[in-house]
Amino acid sequence: MQKIKPQQVIDLAIEAGRIILQSGGTTNRVELMMRKVCNCFGYPKTESYVTPTGIFISVKDEYGSIFTSIKRIDNRRIGLGKITSISRMVNCMQLKPPSEQDYNEQLIDFEEELKKIDTENPWPSWLKDLCGGGTSGFFCLLFGGSWAEFAVAFTIGVIVTFGLKYLEKLAFNNFLLNAIAAALIVLLAKTIDIFVPYIRLDNIIIGGIMLLVPGLSITNAMRDTMSGDLVAGTARAVEAFFITVGIVAGSASMLKILSLWGY
Amino acid sequence: MKPFDGLTLMQFLWAFLAILGFSIRSNLKGIKILFTALSGGLCWFFYLIVLYYSKSVLFSVFIAIIVVCIYSEILAPRLKTPVSVFVTCAIIPLVPGRGLFNSMQLYIAGDNLNASKTILQTLLIAGTISIAIAIVSSVTNLINKLMNRF
């Protein structure tokens with residue numbers, strides 16, 4: 001009987017953990033999923049330690065030798081769909097664990113499935129841009145905007161969602177990314193304000209800002225802290241704080257620049 | 001404004017649609033985007049109702065988030081979805097974007113007194129949201145442990 005090597009299992013577990021962590025999963029979930037993957041492939045003695053910026057995992061084989069690996073995680077963004085897909089896949093595998101004969105086939109299947117999830121896009125790109133616009137527009141209505149303001153906020157939302165995709169490729173840190181996006185929102189709103197009469201700017205800008213607020217970081221910070229991962233919880237809380245500061249800094253400096261300009 | 005009139009219903013609809021857009025933008029798919037959107041709508045709906053009766057912003061935020069978190073904890077395992085996905089979508093309408101913007105504007109205008117007031121209010125709302133999430137998630141942990149014990 002051919003037993004698979006611990007290195008292969010570690011690679012697989014880290015790949016799964018990386019995707020969950022980069023899409024914004026909680027620390028607790030990443031550790032749980034990595035343990036489940038190792039357990040399914042015949043290595044029950046696994047310890048893992050996850051922070052928002054790195055994954056540490058060590059696997060003990062039946063002779064007592066320990067294999068350890070570290071993975072550094074750089075950029076994190078919202079991809080709630082990927083967390084769901086991977087959790088569902090790992091849970092399915094745990095309910096029906098692979099038998100020892102076809103470990104190798106299962107391993108290859110699992111790897112392909114992971115790759116598919118990592119690159120899949122359930123919705124076309126233009127629909128996501130429109131949805132970004134919809135979010136911004138409906139928040140504008142929610143905070144008391146009129147239909148004209150809805151139209152303006154919708155346009156801004158589409159442009160900002162579209163622009164964020166390309167800004168993310170440049171791999172700024174979160175602070176600068178949100179500052180630039182917020183500045184873009186204010187600039188667009190002020191520019192449209194020159195041409196369209198009778199709109200109130202604050203509703204439009206708030207609608208745009210709701211695209212950027214760190215809801216995910218707040219949720220994860222509290223849930224991590226409550227499940228005992230103090231390091232991860234604190235790190236996420238600081239992340240949420242700095243995203244907020246970034247939004248404020250970006251929009252405030254752009255407002256000030258424009259007002260000095262005379263608009 | 002009375003509770004349960006057309007305006008409340010419309011606001012519920014706007015929050016619902018906004019969170020629907022947010023869910024699609026963050027790659028969720030299938031029937032569960034309707035439920036995440038519903039959680040966002042419910043969040044704003046309960047906020048408005050409690051605000052009408054209690055006249056206290058913080059209390060209504062607290063109650064709305066607790067209701068929505070319980071909704072997520074009940075519904076998420078049945079849809080085979082992590083709870084944090086639901087909670088993330090649900091709290092977005094109450095995250096204080098408006099307070100952030102207002103305090104920023106007041107600071108630019110040089111009105112430090114009012115700006116500090118607004119910032120304090122914003123921080124208190126954010127803190128209330130966090131505490132409500134923390135309470136529900138730790139109580140759920142406790143219940144899960146008790147159910148496994150017996």
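Modeller: Start with contact: two residues are in contact if their C-beta atoms, placed from the backbone, lie within 7 Å. Helices (H or I, at least four residues) and strands (E, at least two) are DSSP runs, numbered from the N terminus. This is a predicted model: local features need pLDDT of at least 70, side-chain atom pairs count only at pLDDT 80 or more, and totals for chains, interfaces and linings use all residues. Residues are numbered from 1 along each chain as its sequence is written, while chains are lettered from A and ligands numbered from 1 in the order in which they are written.

Colleague: Which residues of α3(B) and α6(B) meet?

Modeller: From α3(B) come B:Leu58, B:Val61, B:Phe62, B:Ile65, B:Ile66, B:Cys69, B:Ile70 and B:Glu73. They meet B:Leu124, B:Ile125, B:Thr128, B:Ile129, B:Ala132, B:Ile133, B:Ile135, B:Val136 and B:Thr140 of α6(B). For classes, Ala, Val, Leu, Ile, Met, Phe, Trp, Tyr, Cys and Pro count as nonpolar, Asp, Glu, Lys and Arg as charged, and the others, Gly among them, as polar. This contact has 14 nonpolar residues, two polar and one charged.

Colleague: At what angle do the axes of α3(B) and α6(B) cross?

Modeller: Axes are lines fitted to C-alpha atoms, for helices over the stretch in contact, and angles run from 0 to 180 degrees between N-to-C directions. Here the axes of α3(B), residues 57-78, and α6(B) cross at roughly 35 degrees and come within 9 Å.

Colleague: Is the crossing of α3(B) and α6(B) left-handed or right-handed?

Modeller: A crossing is left-handed if the near helix is turned anticlockwise from the far one by less than a right angle, and right-handed if clockwise. The crossing of α3(B) and α6(B) is right-handed.

Colleague: How many residues does each chain bring to the contact between chain A and chain B?

Modeller: Chain B brings 39 residues and chain A 49 residues. On the chain B side, α1 (6-25), α4 (83-91), α5 (97-109) and α6 (112-149) each supply at least two residues. The largest share, nine residues, comes from α1(B). By class, that side of chain B has 23 nonpolar, 12 polar and four charged residues.

Colleague: How is chain A divided into domains?

Modeller: Domain bounds come from an automatic or database domain assignment. Chain A has domain 1 (6-119) and domain 2 (125-261). Their centres, taken over C-alpha atoms, are 33 Å apart. Domain 1 gives nine residues to the contact between them, and domain 2 gives 12 residues.
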